[in-house]
Structure formats: C-alpha cells, structure tokens
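Subject: Structure handover and notes

Hello,

Here is the structure we talked about. Please open it alongside these notes.

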Amino acid sequence: MTTTDTRPAGVTGDLAGPQHAARPGRPGARLARARAGLHTLVFLAPMLLVFGVFSWVPIGRAVVMSFQRTNLVADPVFVGFANFQQVAADPLLWTAVQNTGYFALLALLFGYPVPLVAAILMSEVRRLRGLFSALAYLPVVVPPVVAVLLWKLFYDAGEDGVFNTVLGWFGLGPVAWLQDADAVMPALVLEATWAAAGGTVVIYLAALIGVDPSLYEAAEIDGAGVWRKLWHITLPQLRGVLLITFILQIIGTAQVFLEPFLFTDGGPANRTLTLLLLIYRYAFTNSLGGDYGAAAALSLMLALVLAAFSMLYFRLTRSWSS
C-alpha cells in the first residue's frame, strides 16, 4: 500500500515530529524567563532603592515616632499609645475634622464636576481644541505659592479688590472673602479648583478620545439628543476614569494644606483649620522643638482612615468599574 507524504518540502525524518516543538516548560525556556526577570530587576533596582529610601524609610520612621515623645532635640521616650490619646482628646481635632470634611464636600459639589463639563465642551470643539486644552492646563503650571499670592490680591476685602470690583458692577459687595467665617471656605475651594482642575481636564479629554464614535452615530440615527448621548454613552464610557478621579479627589481634599496655610493660617477663629494644618502646628509651632510624636500619631491616624476608606470604596465599586 502506498502512502502520501504530507510534510512540507524540505522537512524529512523525525525533525518534523511534535516532540521537537518548543515547549514553555523546557529548561531552556525557564532559563530564558529567569534571565529576563533578572534583567528587569537590575533595571528597576535603582528606582526601587530611591523609592524605598525616600518613601518607605520615612513612613517607617513616622510609625516609630508615633509611639515616642520626641522633639528631635532630646532623646526620644517610648510612650505607647499616649500620643494617640493626646490627639483624640484635643478639641481642635474635631474642629479640623469638620473643616476638612466641609472642604471636601464643597470640592466634590463644585470642583469635581467642573473638569468633566469642561472636557466634554472641549471635545465638541472642532477648531482650537489644543489652545483650549493648553489654557485649561495653564493653572497647573503656575507654582502653587504664586497662585495663592495672586488670588490673595483677588480676594482683597477692600472695594478695590478684583472680585469686589466685579461685584460692585452689579451693586453687590464688598465681601470680606478671607475674613468672613462663612465665605472663607468657599473662597479656598474656588482657588483650589482653579489650580487643580486642568490636570483632570486633560485626563478626561484623553478618555473621551477613546470613545468609539460609532456609538454616537448610532445614537443620532435613533434620534438621541445631547443629554441622552451624554447620559447613555459618554458617562458609561468614562465610568472607570470617573471612579478613579473620585477617590483621588477624596484623598486630595482630605490632605488639603497649602490653601488654609497660606491664605488664612487656619483662621478666622479656626474656621479653616484642617487636619494637615493641625499636624503642622503640632510639629513646627514650638520654636524649642515641636511635638513630633503627636504629629506622627495624627498622620498615621489619617493614613489609616484613608486606606480603610479606599479599600471599602474599591470593594463597593468593583462591579461598576468593569
């Protein structure tokens, strides 16, 4: 009986057999993977070393200091949980918690939607989109201290202040922006939103570019208007990005420091005293050496609360992000 050789031309003998095919589990393949992993580790080693020295070592040092009574001048004394008890008994702690929560709430109500709305409007612009994106990102480039000093001029309580002049055109004001206990926190949120929104706008613009245009075309064929396209296409497509920016907003506002420190130093009457500003006062307001143990204890408490909130948030939103 005659058989037909179906092997490719030029392949003879047992070399064409499946037993000679490359197998991932062979010693050669394992050695290649080990070498690739070693090369990656060698490449990352400098970065990991720098990150460990400048990030994890200070974190570990702060954890140790939270259980010590120290001002970095005298020898530290181990005091157990006394620093945590001292911080919890401080009446200014609850004032700082309320002020930080109020700042976070205002930032979510006003500062969180603004970048999204701006990005959606820019994505609809066919011409000069790059110019608008650059203008939106420009406040991020301005040094934060310079931005605060500039806005201090805007918030001048006199009639010649920039904002009070604008209000005067409509027969309103003047307003003591930074001296009024009711107006000071919204004023800080307004400046913080202006300073930080540009980076988020760029993120949203990049995410909007990735939305399939055929979805909008199909919606237009079905007669969907602007709001229906926004609600049923744009927002669902940005869901993952929105969830990430939301948790980053919470973490960022919980650690607000620059605006309360430079604008009002916690005033008037501690109405802008935040958690990080209270930590700063523990550590640096005493010229003979601050209470670094209490400052480290409050820092650790804040970090644990934010970590617990982040884990709970990601667990609750796991099904939404997919």
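Below is what was found in it, from the whole chain down to single residues.

Ground rules come first. This is a predicted model: local features need pLDDT of at least 70, side-chain atom pairs count only at pLDDT 80 or more, and totals for chains, interfaces and linings use all residues. Residues are numbered from 1 along each chain as its sequence is written, and side-chain values use heavy atoms, with hydrogens and water left out.

Overall picture

The protein has 15 helices and two strands. Helices (H or I, at least four residues) and strands (E, at least two) are DSSP runs, numbered from the N terminus. Of the 322 residues, 31% are buried. Buried means under 20% relative accessible area, exposed means over 50%, and partly exposed lies in between (1.4 Å probe, protein chains only). Take the contacts between residues at least 6 apart in sequence: 61% of them join residues at least 24 apart. Contact here means heavy atoms within 4.5 Å.

Helix 5 against helix 8

Two packed helices are described by the angle between their axes and the distance between the axes. The axes of helix 5 (residues 129-141) and helix 8 (residues 184-209) come within 6 Å, crossing at roughly 135 degrees. Axes are lines fitted to C-alpha atoms, for helices over the stretch in contact; angles run from 0 to 180 degrees between N-to-C directions. Helix 5 and helix 8 are therefore oblique to each other. The classes are roughly parallel (under 35 degrees), roughly antiparallel (over 145), roughly perpendicular (65 to 115) and oblique (the rest).

From helix 5 come Ser133, Ala136, Tyr137, Pro139 and Val140; they meet Trp194, Ala195, Gly198, Gly199, Val201, Val202 and Leu205 in helix 8. The residues of this contact split into nine nonpolar, three polar and no charged. Ala, Val, Leu, Ile, Met, Phe, Trp, Tyr, Cys and Pro count as nonpolar, Asp, Glu, Lys and Arg as charged, and the others, Gly among them, as polar.

Two glutamines

Gln68 sits in strand 1 (residues 68-69). Its relative accessible area is 14%, so Gln68 is buried. Beyond residues up to four places away in sequence, Gln68 touches Arg61, Pro76, Val77, Phe78, Val79, Asn83 and Gly293.

Gln86 lies in helix 2 (residues 82-89). Gln86 is partly exposed, because its relative accessible area is 31%. Neighbours within four places aside, Gln86 contacts Arg69, Asp291 and Ala294. The side chains of Gln86 and Asp291 are joined by a polar contact of 3.1 Å. Such a contact is a pair of N or O atoms within 3.5 Å; within protein, one must be able to donate a hydrogen and the other to accept it, and residues adjacent in sequence count only if both atoms are side-chain atoms. Gln86 and Ala297 are 211 residues apart in sequence, yet 9.3 Å apart in space, C-alpha to C-alpha.

Helix 13 (residues 275-284) has Leu275, Leu277, Leu278, Ile279, Tyr282 and Ala283 buried. Their cover includes helix 2, helix 3 (91-111), helix 12 (258-264) and helix 14 (292-316).

Most residues other than glycine have a negative phi, and most peptide bonds are trans. Pro268 is in the loop between helix 12 and helix 13. The peptide bond from Gly267 to Pro268 is cis, with omega near -10 degrees. Ala269, in that loop too, has a positive phi of about 55 degrees. Ala269 counts as exposed, at 73% relative accessibility. Asn270 is also in the loop between helix 12 and helix 13, and its phi is positive, near 60 degrees. Asn270 counts as partly exposed, at 25%.

Best wishes
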